[in-house]
Amino acid sequence: MVDRDAHFMNIALEIALAGRGAVEPNPMVGAVIARGEVELGRGHHERFGGPHAEINAISAARRNGVDITGATMYVTLEPCCHHGKTPPCTDAIIASGIARVVVAMVDPDEQVSGVGIETLRGAGVRVDVGLCRREGERLLRAYRKLRKTKRPWVICKWAQTSDGYLALAPGCGRWISCPESRRRVHELRWGCDGILVGISTVLADDPLLTDRSGRPRARGPLRRIVLDSHLRLPADCQLIETASDAPVIVATSIGAELRARQALSVRGAELLELPACNAGVDIEALLDELGRRQYTRLLVEGGAKVLSSFIEARLADELFVFVSPQTAGADGTSPKPPKFDITVLSERLSMPAPSETPSGSDMLLNYCF
């Protein structure tokens, strides 16, 4: 029984992943209906506002002409019990005649939490909770954080040389990381709602900060956010030049200079005025605002100062660090590039051990807190 249950729940967890990037800020969910060893139908939450996984699994079984009365449903998240963009899944499950529901984890959403399970039990459906709970929680860690803290999951990403520098010496080339790592970065951007850098990065590199993964974005273009407490963002930079194609949010201090605000606003940037702190813009206030806007994931790609501000304040949930075999290449006569060495940082902050994955000629270190 346990092995069979685990088998079908693992299928549900696997198919749930297909909803990533299309269902947020709602959760990725998978569901499988089975009788004994035989699968009768499966489904996942495919798009925001669309039918939930449970409904899609029931519909799949019905399309195949299968009677699911007395069957078991395996679902990665507690079925919803309220009217939102779709009717309650609990009603559909009860009406279908399903006799048993196996749930990986309770929904942290206060409208559902525990109520969906009790609704099913009150209708005579047997409900077992907790199978593959850790896997379910890992799958939905960004959703869980948004529901519990009202803030997005924060991912800090950077590339560094093997000796801990964030750039190569002048004349040694532009790219630290290899093509495979750069491809992975765009996949990472694709899965996020916003990408954030500091004003120093914009002034130094004039980046576009777009998602060039080639994959469709169900929630619209990637929002580009700049921390700029004194509004130094040039009105002719690439971000502003492309603001009509992809939103630009300039997070600045309350009371920033009026003329600069007007110059950026007229070019299509959104000015987000936030409280100031010693380091500039209050990033906790920014995270609160992005949570109110239902951002599920925020990618921080700033330089050493911005990265440090998130990591030192324990506001980063995950790190992606691409370590190149190259060294900085400084010859001792030119200024050294900025240094931000993950080895030193992890020892000082007692970080957990990372997972290590080859990425072309680089090594990708993934830390999750």
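Two strands count as paired if DSSP finds at least two bridges between them, and I take helices (H or I, at least four residues) and strands (E, at least two) as DSSP runs numbered from the N terminus. I am working on a predicted model, where local features need pLDDT of at least 70, side-chain atom pairs count only at pLDDT 80 or more, and totals for chains, interfaces and linings use all residues. Residues are numbered from 1 along each chain as its sequence is written, and side-chain values use heavy atoms, with hydrogens and water left out.

**Entry: strand E8**

I began with E8, residues 223–227, and found 5 of its 5 residues buried (under 20% relative accessible area; exposed is over 50%, partly exposed in between; 1.4 Å probe, protein chains only). Arg223, Ile225 and Leu227 point one way, while Arg224 and Val226 point the other. In a regular strand the side chains alternate between the two faces of the sheet.

**Entry: its neighbours**

Next I looked at E7 (residues 194–198), which pairs with E8 in parallel over 5 bridges. Here I see Ile195 opposite Arg224. With E9 (residues 248–253), E8 again runs parallel, joined by 4 bridges, and Leu227 faces Ala251 there. I also traced E7, helix H8 (residues 199–205) and E8 as a right-handed β-α-β unit: with the strands pointing away from the viewer, the path from the first strand over the helix to the second runs clockwise.

**Entry: cysteines**

How many disulfides are there? I get 0, taking a pair of cysteine sulfur atoms within 2.5 Å as one. The closest cysteine sulfur to that of Cys80 is in Cys89, and at 3.7 Å it is too far for a bond. Cys80 is buried at 8% relative accessibility, and Cys178 is buried at 10%.
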